[in-house]
Amino acid sequence: MQLRWALTLNYAAMMCLAISINLIPVYLTTISIDLGGAAGLTKEQLGRISAITFIGVVAGVAFTGPLADRWGPKIFALAGNLLVSFGLCALGFSSDYAYVLCSVFVMGLGAGVLDMVLSPIVCALQPDNRSSAMNWLHSFYCTGAVATILAATLALEAGIGWRTLAFCLVPVPLLVALGFCRMRIPALVKEGEDRLRLRVLIRKPYFILALFALFFAGATELGMAQWLPAYAEYTLGYSTWVGGVAFLFFSIAMAVGRMLAGIIGHKTTPFQILAFCCWSSLALFLAACFSPWNGVALAACIAAGLTGSCLWPTVLGLAGDKFPHGGATMFGLLAALGNFGGIFMPWMVGAIADASSLRWGLATSALCPLIMVFAVMWMKRHHEE
């Protein structure tokens, strides 16, 4: 019963992380008009909102990862939820573009703290099958994304603005923080065993390849996720409502993909899952960008959520299996590289879109799963060494 309660709280915290990442994309075109006037914000400025969010995520991961091994993870689980709540409140008061950037940075900071601490907590709670445990944990990111996108899409259709919705979501992470106050969290590294130091980890080729793979996993997932509603509207010619619904189904596909990976994790190898999903993501990105039929292109965008869903958590699980004494510092560095991919790719898509078109901007994301699959093949050859 205690394990179930602990897992439930971690799953709920992962949903709070999803709120901070997925609220803005649904409202991108609305924010463009609200803050940019008749001409709107440029696509690079819109891409910068996502990039600033993930700069906050990386900052949260990088600065708190090593501290969690010293002070324990509980204080950071509390702090992450409180920062998300504060960022949402600040977003509700945002009056200009600069204020929005500051608000999403704080939300990203809270998301980064949660991203850093939740994975090692769940690995400590379920040490026997880390790859499946990571996919189940991260499926609740997708569940939170679905709930956030659905709420934002319905609010958009009802004429409820992004500031009002941000205020409405403030209590959610506050309640989760209250739950963590009563939770007992196990040590991230078993008593009597030494944590593997970072200076040792970064000398191991397998860990370097895991970092490399996480970067491209994050870029694959978030290059599409952050631009899907705008791509559906600007390039494929659909309404804002349809773009929001497409983003909703993309997130549902991600949740389903991660749950399936968690279910079949004991029937197949993580490497088979990763290879299949990398090649499938490549094919779907190309179909999304170059199909002559808009309906097929939109369907491919949504299906890319299914195939790209398990890349990030499965690599985390592999690293946890390979280095079980890595602690929060290891997971923090891995998450930082994944989120660097989340910074780089949405900004790159926007920059290329300004220079050429959003179609070609999004097409660059197809390079990410192609490069990642070669890293996965190397990791497979050296996993048992």
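This is a predicted model: local features need pLDDT of at least 70, side-chain atom pairs count only at pLDDT 80 or more; totals for chains, interfaces and linings use all residues.

1. Residues are numbered from 1 along each chain as its sequence is written, and side-chain values use heavy atoms, with hydrogens and water left out.

2. Have a look at helix 10 (residues 205-225) and helix 15 (residues 311-322), whose axes lie 8 Å apart at an angle of about 165 degrees. Helix 10 and helix 15 are therefore roughly antiparallel (an angle over 145 degrees). Helices here are DSSP runs of H or I with at least four residues, and axes are lines fitted to C-alpha atoms over the stretch in contact, with angles from 0 to 180 degrees between N-to-C directions.

3. The contact (heavy atoms within 4.5 Å) brings residues of helix 10, including Y206, L214 and E221, against residues of helix 15, among them W312, V315 and K322. By class, this contact has 11 nonpolar, 2 polar and 2 charged residues.

4. E221 also takes part in a salt bridge with R258, the closest N and O atoms being 2.9 Å apart. The term means a side-chain nitrogen of Lys or Arg within 4 Å of a carboxyl oxygen of Asp or Glu. R258 lies in helix 12 (residues 240-264) and E221 in helix 10, so the pair ties together parts 37 residues apart in sequence. A search of the whole structure finds 1 salt bridge.

5. Are the two partners buried or exposed? R258 is buried at 1% relative accessibility, and E221 is buried at 6% (under 20% relative accessible area, 1.4 Å probe, protein chains only).

Terms used:
Helices (H or I, at least four residues) and strands (E, at least two) are DSSP runs, numbered from the N terminus. Angles under 35 degrees count as roughly parallel, over 145 as roughly antiparallel, 65 to 115 as roughly perpendicular and the rest as oblique. Ala, Val, Leu, Ile, Met, Phe, Trp, Tyr, Cys and Pro count as nonpolar, Asp, Glu, Lys and Arg as charged, and the others, Gly among them, as polar. Buried means under 20% relative accessible area, exposed over 50%, partly exposed in between (1.4 Å probe, protein chains only).
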